[in-house]
Amino acid sequence: MKPSDFNVEGFDVILGNPPYVSMHNMTDLQRQSCSEILNNSSFSGKTIGRNASLWSFFLLHSLSFLKSGGRVAWVLPSSLLHADYAKKLLDIFCNHFKHIYIIKLAERFFVEEGAQETSVILTASGFNKYGEAKGNLTVSSVNNVNDLERELNKKSSNNIKNIDEFKFELISKDIKDAYLSITNNPSSIKFGDICLIKIGLVSGANSFFILNKETINKYSIPSKVLYPIVARFSYLNGVRHNQIKHKKIFERNDRSYLLSPNYEQLSCYESVRDYIYSLSSYEINKNKTFQKRPNWFEPNHGIDSIIPDAFLSYMIHRGPRLVINQSNINCTNSVHKVFFRDKSISYKNKIAISISLLSSYSQLSAEIVGRAYSSGVLKIEPTAGKSINVLMDEKIIDPLYSLTNKIEELLDREEHKEIRKLVDNVLIDNNIITESDCERFSLGIDQLRSERYKGVKKYHE
């Protein structure tokens, strides 16, 4: 549909609740329409990219229907606050509207319709099609519709420079100032400066290729076609993973081995063939991941087979954890692979980095850069992971390393506040951070975690 399809010069108001469909789930016709919008829109100079979800193309296309001075109101998924393509879209809106207001709703209004994410309301006013608006951007959060009405009728609000700053609006100024002050400390390092973060092995069907002890025994799968693998981050305890720990995962019958026969092995072992071809031709042919591999039945292939130095949590209820890989095994794409940039880094230094990540400062940093998923869990994409701040200094490597066994005991008991206190005390004793800073950061962590659990459940440490 185009503006010329209507017998008017444009519209004063546009309202909408567009479909929450990811690029991966779009039909071919929808992808074609989105491509045409990108190519033909006069507003896509700062392109939102072709990986954007369907709803974002509705917003971009709607701009061509607006009169000068017009306004819009949209009900959108919470990915508006986090996705890279959404940030680019908001840049476009800030160039063409005087006022942009985003309000996050804790109450979930569309669960029955299948929407898993919390919703946000986007309103924008004072449209200028020539891109001269340089609008004010405001982000806030409310619990229900009554609060939403009051928020929309407020006379004044706090403006932010860009959407990346919205988490700072949810914590007090003294927490924000303390955090930014430590971030400017030479001891504060971006995780991405010391590590590369990659997604784990993509099997295309984890429930089929990742086997437990019972399935291996049932089908008499030989060890030659099996590779130990971390299937879920929740299977990892502590800050290091070794073969002994992995054997315990296997013995309790959790999925812990990847089936990946080559063509010769498939021909050789009848039991493997029986299992592999228990998958129907329809399921094999419809799986796009299978079609990308030379042998669809061999997931441990190419770049996917590279063994990481460590594992980083992808989605987790509390904060992120880095587990050093002593076992020389791989992980699925439900876990992030981590590779240290310095190939000569010592084991002690790796452990120290892993433990430093458990400090109140780094855990707050993760809450700021991560995004809340549908169930309230913290989702750390590789881009967000590399933005987490970690405190490192030569003088704290030994004292952090000495905490290893104690930290692992506390992790087993899920005593997370005690863990933060232990790590923070090392940083305090070495004058890298103050006790009052740590108290502020702990309060900030509680505030941001409570925020992402709104509408799902109450947060308790």
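How many aromatic pairs does the count come to in this structure?

1. The model discussed here is a predicted one, and in it the count comes to 20 aromatic pairs. One of these joins F208 and F209, whose ring centres lie 5.1 Å apart with their planes at 85°, so the pair is edge-to-face, given that planes over 60 degrees apart are placed in that class.

2. Both members of that pair are buried, F208 having a relative accessible area of 9% and F209 having one of 0%. A second pair, formed by Y219 and Y275, has ring centres 4.9 Å apart and planes at 75°, so it is edge-to-face as well.

3. Y219 sits in the loop between α8 (213–218) and β9 (226–230), whereas Y275 belongs to helix α11 (residues 270–276), so their pairing ties together parts that are 56 residues apart in sequence. Y219 is partly exposed, with a relative accessibility of 29%, while Y275 is buried, at 7% relative accessible area.

4. The residues named so far are also members of a cluster, in which ring pairs link F208, F209, Y219, Y275, Y277, F290, W296 and F297.

5. On the surface, M1, F6 and V8 make up a nonpolar patch, and together they have about 310 Å² of accessible area.

Notes. Residues numbered from 1 in each chain as written. Predicted model: local features only at pLDDT ≥ 70, side-chain atom pairs only at ≥ 80, totals over all residues. Heavy atoms only, no water. Patch = residues over 30% accessible without salt bridge, like charges linked within 9 Å, V, L, I, M, F, W, Y side chains within 5 Å. Areas by Shrake-Rupley, 256 points an atom, 1.4 Å probe, with all protein chains shown as cover. Salt bridge = Lys/Arg side-chain N within 4 Å of Asp/Glu carboxyl O. Phe/Tyr/Trp six-rings, centres within 6.5 Å; stacked < 30°, edge-to-face > 60°. Buried < 20%, exposed > 50% of the residue type's maximum accessible area, 1.4 Å probe, protein only. Helix = DSSP H or I, 4+ residues; strand = E, 2+ residues; numbered from the N terminus.
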